[in-house]
Number of protein chains: 4
Amino acid sequence: MIAVLKNNASPERREMLIDWLKKQGLNVHISQGEYQTVLGLIGNTDNVDMDMLRSLDIVDSVTRVSDPFKAVGRKFHPEDSVISINADVSIGGKGFALIAGPCSVENEDQIIYVAQRVKSAGANMLRGGSFKPRTSPYDFQGLGAEGVRLLLKAKKATGLPIVTEIMDIRTLDLFEDVDVIQVGARNTQNFDLLKELGKTRKPILLKRGIAGTIKELLMSAEYIAANGNENVILCERGIRSYDSAYTRNTLDLAAVPVLKELSHLPVIVDPSHATGRSALVPPMALAAAASGANGLMIEVHNDPLHALSDGAQSLTPDQFDDLAARIFKVREALLA
Amino acid sequence: MIAVLKNNASPERREMLIDWLKKQGLNVHISQGEYQTVLGLIGNTDNVDMDMLRSLDIVDSVTRVSDPFKAVGRKFHPEDSVISINADVSIGGKGFALIAGPCSVENEDQIIYVAQRVKSAGANMLRGGSFKPRTSPYDFQGLGAEGVRLLLKAKKATGLPIVTEIMDIRTLDLFEDVDVIQVGARNTQNFDLLKELGKTRKPILLKRGIAGTIKELLMSAEYIAANGNENVILCERGIRSYDSAYTRNTLDLAAVPVLKELSHLPVIVDPSHATGRSALVPPMALAAAASGANGLMIEVHNDPLHALSDGAQSLTPDQFDDLAARIFKVREALLA
Amino acid sequence: MIAVLKNNASPERREMLIDWLKKQGLNVHISQGEYQTVLGLIGNTDNVDMDMLRSLDIVDSVTRVSDPFKAVGRKFHPEDSVISINADVSIGGKGFALIAGPCSVENEDQIIYVAQRVKSAGANMLRGGSFKPRTSPYDFQGLGAEGVRLLLKAKKATGLPIVTEIMDIRTLDLFEDVDVIQVGARNTQNFDLLKELGKTRKPILLKRGIAGTIKELLMSAEYIAANGNENVILCERGIRSYDSAYTRNTLDLAAVPVLKELSHLPVIVDPSHATGRSALVPPMALAAAASGANGLMIEVHNDPLHALSDGAQSLTPDQFDDLAARIFKVREALLA
Amino acid sequence: MIAVLKNNASPERREMLIDWLKKQGLNVHISQGEYQTVLGLIGNTDNVDMDMLRSLDIVDSVTRVSDPFKAVGRKFHPEDSVISINADVSIGGKGFALIAGPCSVENEDQIIYVAQRVKSAGANMLRGGSFKPRTSPYDFQGLGAEGVRLLLKAKKATGLPIVTEIMDIRTLDLFEDVDVIQVGARNTQNFDLLKELGKTRKPILLKRGIAGTIKELLMSAEYIAANGNENVILCERGIRSYDSAYTRNTLDLAAVPVLKELSHLPVIVDPSHATGRSALVPPMALAAAASGANGLMIEVHNDPLHALSDGAQSLTPDQFDDLAARIFKVREALLA
C-alpha cells in the first residue's frame, strides 16, 4: 500500500502517523521527494482502512498495491480452473457450458419437454428456477421444493446436470442432488449465504450483482473460496445503467476478458436476463461466445406467451436450435 | 393497465390477444382510434406480465396505471404514518428522529461513552453495528451477539432506544430487545429476510439498495407490510453513480420528497454512508433536514482515527454537538 | 399520444384540459373506463409537452405512441441504408467497414506507415485525429489543419478513404476532401454543429454521447437528416457506468441490434475508446463483429509506447494483422 | 506522479522505462521495496500519459499526485473568489445569487412580468433562454436574437442583471450587454466554445455535464480560466443516474461542498432542471441553500401550463414568493 503525504505535512504529524502504522504491524518505507513524501506500507495491509488514511489532513492519496483476491486471483493460481460438473461436463479451460431451460419450472411436462429439446440442440446443462426473487411480493414466487423435485425428474429423464437458484440458506438440504447451485444477482452480497455455500463442495454459479462491480463479484467469490469451496463459476448478467429504454440491463461483455485476466475461475454469460428481450438474445449470445466466455446460460421456454415469469426474454426451442448451431460455428471459427 | 396495439395488427391476432387477456380474468375495454387501438385492462392486473405483452408483435406499448404499492402507498392511506419507538420517541409526522452512534460497536466503554455524548447533543436514538456486511471476507465482520449485548447495556445506561442491523434471519432471536431492526443496503432485496421481518411487529429501518430504485425500495417495504408489519422506516443512504472520485455514493435527496409523496411511511437520511467522508456529513445533514426528512442517522465515534470500520466518515462527539445544534435551527426556521 | 386521467378528476377540469388539447389542433378520442378515463390524442403531437401534461393534477400518465424518429427510423424506411464512401467502399447492408489508424496524426511517416499496414491487413478506411477533444486544456490538442493535410497524403499514398473528427464548425472548409466527418462523443448534442453538417452531403460518423441514450443518439442523427443529409453512420463507443476500475467505459453491444431494429442507418463499434486498454480490444472487436455490427473502428499505432494520446488502447500493426484475420473468420462463420 | 512496478519486472525493462521517463524531462526517484519498486516522478508530468504507463507489462499502478486544477483549484488561491456582476450583485463569499425566470423567453409581456415578480420576491438576477438546446430537431428552439433583445428590455425595466445561454460561438456578438453567459450541460465539454469564452471577460455560468464528473466540470472551468477569464460560476444541475422514474436527473448536492473544497469558484444549484417537476423544486432549493451553495437558479413562469418548454418544472410567481422567503430563513438560521 502506498500513501502519499501532502507537502505541508508537519514533521510531528508525519511521525505520529508513521508510529501508528508501525503499531499496526507494518513496515514503513519512507521516500522523501522534493514536493511530497511517499510511504510504502509493507506487510499485511488487509486491516488498514484506506478511507481512514485518505481522510487524514496530511494524506494526499492512498493506493492499494497488493491484490485483494487471494484465493480466486490469478496471481497465485495462474492456470485456468476447470470445474467438473459430472463425468461428461466441465466448465473452464476448453470446456464450454451451454446451459438452457425455462426461467421458472412450471410443471413436469414442461420441464422434461424443454430439457429434451435443449439437449438435442447441444446444451449440456439444464437450468430452471424453483425459488424466484421477484421485486413485488404479489408476483409468482416459484414452485419451491416441488420445483426442485421436478428438475431432478428432468435430470433423470435426460442425463443433463441441473442448475437452480438458492435464496434462503435454510433450504440448503433441498439442493443435495442439484449439480450447480446458483446465487442470483440480488444475493451476490448476501455474505452469510456465501459463507455457508463456502462450506459445501458444490459448484456455485455466482451472478454479478444488479449494479455490482467486477471487484465486488470477485470479492463475493472470495467469500465462498475463503470458506473452503473453490468451485465457483462467475456469471455476467448485465448491469444497471442509465439507459433502460430498450434493454433491461446493459450487458457488460468486456467483463469477460477482464474477469479472466484477474481470476482463474470460469466466466459465463446470461444474455437473457441482460437484455430482457428475446430478439436481442441471439446477437448477444454470439457476441459473448466471440468474447471468449466459458459458457452461456440461455432461457428457453416451450410457450413463451404463457410463461409465468420472464416470458419476454425466452427463446422457443426452435429458435434455440438455430442459435446453438451458430454459437458452435463461432467457437469453431475462433478455435481454428 | 393500458396496451396500445400497432396499426398493422391483423384483426385475427388482435382477437386472439383479447381472448387471452379475458381468460386471465380481465375486462378489456377496446378503444379504436384512427391510427391505433387502445386496450384498457380492468381488474386484477398484478399477474399480467408487462414485458411479455410488450414483446408481442402486435403491441406497441404497455403502461401500468394502477399503483403497485398497495400497503405502503399513499393512495389508500393518505395520512403520514407515525411509528412509536418508545414512550418518548416516534418517527413520522412532526416527530424527528436524530439517530447517532458508531458504525461498529467495539467495546462497552466506547458504546456507552458515545451514547451519552450523542444523547446530550440531542440525539433520541442510538445506532451501532454488531453484524457488519463487508465487501471483503478478510475485513472486520462485527462483534456479533456480543455487540448486541453491549448496545443493550448502552440503552440501559442512557435510556436511548437502539437500532442495529440484521444480516441473517437465523439470528432474529438476538434482536428481541432491540427497538428498531435495520436492513442494510445489501439486503434490501433479500426477500426471504423481508418476509420474516414482516411477521414480527418490530419497527424496521429499511435502507435503499446500493443501486436501488425508489420503486424497488417501496416494493421491498411492501414485502414487509404485506406480511403484516407496517412499521417500516425508509432510509435514503446514497446511490451508486458513475462519479465516486470524491464521494463514496451520490446522496439522492430528491428521494425524500418523492418517497413522501408516494408513501405514508417516514423517510430518514444517512449522510455518513452516502458521502463516506466526515467533512461532507454536516452540509449533507443540514440539506437533508431542509429537504423535509423525518430524521437523520449519523455516525459518531469517540476516536475516528482508530475506528475498526468506516472511520473516515465518523464525526467526533464535539463535531456532532455543533451539527445537532445547527440541524435544530434549520428545522425551527422551516417550521416557523 | 395517450393520456390517462386520474379517477378523481372533476368533470370541469377534464373539460378544460380537453378544450386546451383541441386548441393545440389535436383530435381527442375519449375512452371512459370504470376506474379511469383515457384520452387518445390524434394529430401532430410533436409540440405537446409530455412533462407538462404529466405534471397536471388530474393526469395519471402520458405515453407517446408515435415514433419520434421520422427520417432515421425504420418505420418509413424499412430497408437498410447503404452509404457509399467511394467506388470501392460502402457501409451498411452487406458492406463491412474496417476502419483503422492512430488516435492522433503525429507526422507524415507515422500516418503513411500505419495506413499501409492497416490496408495490407484488410482495413478499408483510415482513421486519424487532427482536432482532439481533451479533458484538460494542458493535454495535446492535435495537429489541427496540418493533421488533415497529412491524412490526405496518406489517402493519396494508399487509396484508403479517410475519417477524421470535426470539433468546431468554423473549420468545416478544411474537411472538403475528407471522406467521412466524425462527430465525437462530446459533440453528439452540439446541435448547431449537427445542423450545419446536415447541410453538407458528406457521410457523417456520429458517435454516441459519453453517457448518451440510444434515443438521444438517434435524435442527434435526426438533426443531421432533418437538415438534408441522410448519410449518417452510428457508432457505439462505450457508455459511462459506475464501474470504471478495469475499463474506461462500458461497451454496450446490445445497442447494435437495438439501433438496427429502430433505424435503417448502419451501426459500427469502436472497441478502442470503449475499453481504453489494448488487451481488451481483440475480444470486444470479435464480439462486436458477432453481434451484427456493420463495421469496426480500431486504433492502431506503430509505436503505442510513444503515442501522443491514447497509447494504452492502441494495437501494434502486427496485433492488428492477427485481429483482422480473426474478425473476417467470425463474419464468414456467421454469413455461412 | 507515482508509478508502482510489478514485482516480476526485469531489471532491463525497468531501466528502459526509467530512461524513457527521464527523456520526458522528469526526475525519477526510485524507492526499492521488498515486494515492489515505486517510482516517484517529479517535474512537469502534465504530458505523461497515465493510461499508457498503466498499460505497460511491468507497471502495476499509477497515481497522479499533483493537482490538475491549476487556475481554478484552491491550492494556489485559498480564498473564495467573489465575482461582481454589477454594482449591487456579486456571487461568492457571503454574496448569495437568487437567479429566477422562465426557461424560455416567449414575448415581451411575459419576460417583463416575470422579471418584476421575481425581483419583488427577492431575486437579484433574471434568467431566460433564447437559444434552447433541444433533444429533438422538431421541438421549439428558442427565439434566438429576438429573445436576447427582450431580455435586455426586462433588464432595463427592472434593473436586474441577466443570464442567458450561448450555444454557438458565432453568436457571441449578441451577448455584449448580457451580464452572465451560461454554458449549458450539453456544451460543458465543447472545448472550442470554452476557449473563446476564456478570451472574454464576461462572467460565465458553467453547468455540469449531463453525466459529467466533478473533475470534468473543474477541467472545463480550467479551459476558460487558462485562456484568461477567471470569472466562472459553477452550477450543479443534476446528473444522469439509473433511476429517472420520478425525477429527470439526480441532484448531486454533495457536489456543492466538494466543489467548494477543491476550488475557489462560487457554486450554485439549479433544482428546476435537476428534478424536472415543480413539486420537487422547493424542497431541493431549501436543501441546496442548507448545503452551503452560493446561489440558486430557479425557473419561474407566469403560466406554466402554456410554457413553450419545461413547463412541468416551473413555479408560478406566487409559489416563488413563498419559496424565496423560506430560502432566506434557512440562510439566516445557518449564518446566525
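This short talk walks through the chain contacts, the symmetry and some salt bridges of a predicted model.

Some ground rules. Because this is a predicted model, local features need pLDDT of at least 70 and side-chain atom pairs count only at pLDDT 80 or more, while totals for chains, interfaces and linings use all residues. Residues are numbered from 1 along each chain as its sequence is written, chains are lettered from A and ligands numbered from 1 in the order in which they are written, and side-chain values use heavy atoms, with hydrogens and water left out.

Start with chains A and B. Contact here means heavy atoms within 4.5 Å. Chain B puts 48 residues into this contact, and chain A puts in 48 residues. The size of an interface is often given as the accessible area lost when the parts come together.

Now the charges. Side chains of opposite charge can pair when their charged atoms come close. The rule for a salt bridge is a side-chain nitrogen of Lys or Arg within 4 Å of a carboxyl oxygen of Asp or Glu. Four salt bridges cross between chain B and chain A. One of them joins B:Arg170 to A:Glu196, at 3.2 Å from N to O.

Polar contacts next. A polar contact is a pair of N or O atoms within 3.5 Å; within protein, one must be able to donate a hydrogen and the other to accept it, and residues adjacent in sequence count only if both atoms are side-chain atoms. Between chain B and chain A there are 18 residue pairs in polar contact, both residues at pLDDT 80 or more. Which helices of chain B each supply at least two residues to the side that touches chain A? They are H2 (50–55), H5 (191–198) and H6 (214–226). Helices (H or I, at least four residues) and strands (E, at least two) are DSSP runs, numbered from the N terminus. H6(B) gives the largest share, five residues. By class, this side of chain B has 18 nonpolar, 13 polar and 17 charged residues. Ala, Val, Leu, Ile, Met, Phe, Trp, Tyr, Cys and Pro count as nonpolar, Asp, Glu, Lys and Arg as charged, and the others, Gly among them, as polar.

How are the two copies related? A rotation of 180° with 0.0 Å of shift along its axis puts chain B on chain A, RMSD 0.1 Å. That is the relation of a two-fold axis. In chain B, the C-alpha nearest the axis belongs to B:Ala211, 3.0 Å away from it.

On to chains A and C. Here 38 residues of chain A contact 39 residues of chain C. About 3,100 Å² is buried, 67% of it from carbon and sulfur atoms. A:Tyr242, A:Tyr246 and A:Leu334 supply 20% of the area that chain A buries against chain C, more than any other three residues. The salt bridge count is four. C:Asp243 forms a salt bridge with A:Arg208, closest N and O atoms 3.2 Å apart.

B:Arg127 pairs with B:Glu299 at 3.9 Å. That pair links strand E8 (residues 125–127) to strand E14 (residues 295–299) of chain B, 172 residues apart. Buried or exposed? B:Arg127 counts as buried at 4% relative accessibility, and B:Glu299 counts as buried at 1%. Buried means under 20% relative accessible area, exposed over 50%, partly exposed in between (1.4 Å probe, protein chains only). In chain C, C:Arg208 and C:Asp252 form a salt bridge at 2.9 Å. D:Arg240 reaches C:Glu216, with N and O atoms 2.4 Å apart. Both D:Arg240 and C:Glu216 are buried.

Definitions and conventions:
Least-squares fit on C-alpha atoms with pLDDT ≥ 70 in both. Buried area = accessible area lost by both parts, 1.4 Å probe.
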